[in-house]
Amino acid sequence: MKAIDLFAGAGGLSLGLQNAGWDVVAAVEVDKYAVATHHANFPRSQSIRCDVRDVDWSKFKDIDLVAGGPPCQPFSVSGKQLGHQDMRDMVPEFVRIVSEVQPAAFIMENVKGLAMVKFKDYLDKAIADMKALGYNVSHTVLNAADYGVPQFRERLFIVGLREGEFTFPDPTHGPGRENPWVTVSDAINDAPLDAPNMAKVVYCKNPILRKSPNAGMLVNGKGRPLNLNMPSLTIPASAGGNRTHIIDRDNVLFNYHASLMNGGTSRSGIVAGCRRLTLRECARIQGFPNSFGFIGPKSKQFSQVGNAVPPLLAEAVCRSVREQVEEQVLQVA
């Protein structure tokens, strides 16, 4: 069954599609480095560098699935949340492409922010537009950690089927489930050697305290010390510098936080014994295999990793869509 990947980035969703049994015949992306990365990892797919608004979608009438994650910045809690007023809002374009291609199914992925009360009217209209095209539409927020990704990362998925109501896959990992969460240690302990991240871990001059050492601000930048025995905090697209999360094997920052909470004095200078995640460690935490390479300046490679849909989460959803579409085809036959 054939699929196209819109706003494909480096190919996290494409990898999930491929591993779930879909033939990704084409992927569209505007960033030249992400397109190069996609082409290198999916040589059988047509990696198209352009704006989705500039594609003749009539060429893809035989496609079974339209998938993609429109830019999330209009709805991200870390941005201005301008929604439809943001020029990067491509949700209407996704709906238009589905209307032109008329696939058996579609999968749209975005940040959890799009499901917030602030954007309820916007999301409701988008779903209504999708239903008007003849699809049964289901949506929910899934946490990547619940599907074997060593990272807490919540994402909204909207799935439309021509026939039948879509059922999202049950979580497979976490407390009370068949498998425990995959931890940071599980992800990075056997990660290949990589160039060290040169961004220093420096004590904040005026630390901002919260109950958790992963909130507030103990060091410069937005990177946080990770609990090695739990899934990671979300890997951001802005990683690479002082927004990259921190490996603190000796619990230096956790102990420092406890000291400050008990009235201890603040420190200055470089934090001894701590370092920032490498690119490959970030990729492992996202769920990319070691064989998946990234192309471009290091900052672009970090953003490709952070912008990606975790492949294991994508695979779980894409496999369920394929199975349910195939079931409907068999019933019709």
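Between which two strands does the loop that holds Ser-232 lie? Ser-232 is in the loop between β9 (217–219) and β10 (246–247), where helices (H or I, at least four residues) and strands (E, at least two) are DSSP runs numbered from the N terminus.

## Model and conventions

This is a predicted model, in which local features need pLDDT of at least 70 and side-chain atom pairs count only at pLDDT 80 or more, while totals for chains, interfaces and linings use all residues. Residues are numbered from 1 along each chain as its sequence is written, and side-chain values use heavy atoms, with hydrogens and water left out.

The pLDDT, which is the predictor's confidence in each residue on a scale from 0 to 100, averages 91 for the protein, and 93% of the residues score at least 70. Over residues 79–83 pLDDT stays under 50, and for this stretch the model has 12 contacts beyond four places in sequence, a contact being heavy atoms within 4.5 Å. Where pLDDT is low, the predicted coordinates should not be read in detail.

## Overall dimensions

The protein has 9 helices and 11 strands, and its C-alpha atoms fill a box of roughly 70 × 45 × 40 Å along the principal axes.

Of the 333 residues, 51% count as buried, where buried means under 20% relative accessible area, exposed over 50%, and partly exposed in between (1.4 Å probe, protein chains only). Among contacts between residues at least 6 apart in sequence, 67% join residues at least 24 apart.

## The seven-stranded sheet

An open sheet is formed by 7 strands in the order β3-β2-β1-β4-β5-β7-β6, with mixed pairing; two strands are taken to pair if DSSP finds at least two bridges between them. The edge positions belong to β3 (46–49) and β6 (136–143), each of which has a single partner strand, so one side of each is left without a neighbour in the sheet. From one strand to the next the twist averages 15°.

Around β4 the pairing is parallel on both sides: 4 bridges join β1 to β4, and β4 pairs with β5 in the parallel sense over 4 bridges. Ile-4 stands opposite Val-66 in β4, and Ala-67 stands opposite Ile-107 in β5. By contrast, β5 and β7 run antiparallel and are joined by 7 bridges, with Asn-110 opposite Leu-156 in β7.

In a regular strand the side chains alternate between the two faces of the sheet. In β4, Leu-65 and Ala-67 point one way while Val-66 and Gly-68 point the other way, and all are buried. Helix α3 lies across β1, β4 (65–68) and β5, running at about 170° to β4; the axes are lines fitted to C-alpha atoms, for helices over the stretch in contact, and angles run from 0 to 180 degrees between N-to-C directions.

## Nonpolar cores

A nonpolar core is a set of buried Ala, Val, Leu, Ile, Met, Phe, Trp, Tyr and Cys residues joined through side-chain atoms within 4.5 Å. The largest has 33 residues, and those with the most contacts inside it are Trp-57, Phe-60, Val-66, Phe-94 and Phe-106. Elements that each supply at least two residues of this core include β1 (2–6), β2 (23–29), α3 (91–101) and β5 (105–111), and its largest share, 6 residues, comes from α3. Apart from this core lies another, of 26 residues, among them Ala-3, Ala-105, Val-159 and Val-317.

Leaving aside neighbours within four places in sequence, Val-66 is in contact with residues including Ile-4, Phe-94, Ile-97, Val-98, Phe-106 and Ile-107.

Ser-232 counts as buried at 0% relative accessibility, and its contacts, leaving aside neighbours within four places in sequence, are Pro-150, Gln-151, Phe-152, Val-184, Leu-226, His-245 and Ile-285. Tyr-147, found in the loop between β6 and β7, also counts as buried, at 7% relative accessibility. Not counting residues up to four places away in sequence, Tyr-147 touches residues including Leu-142, Pro-169, His-173, Leu-312 and Ala-316.

In helix α8 (residues 298–307) the buried residues are Gln-301, Phe-302, Ser-303, Gln-304, Val-305 and Gly-306, and what covers them includes α2 (32–41) and α7 (279–286).
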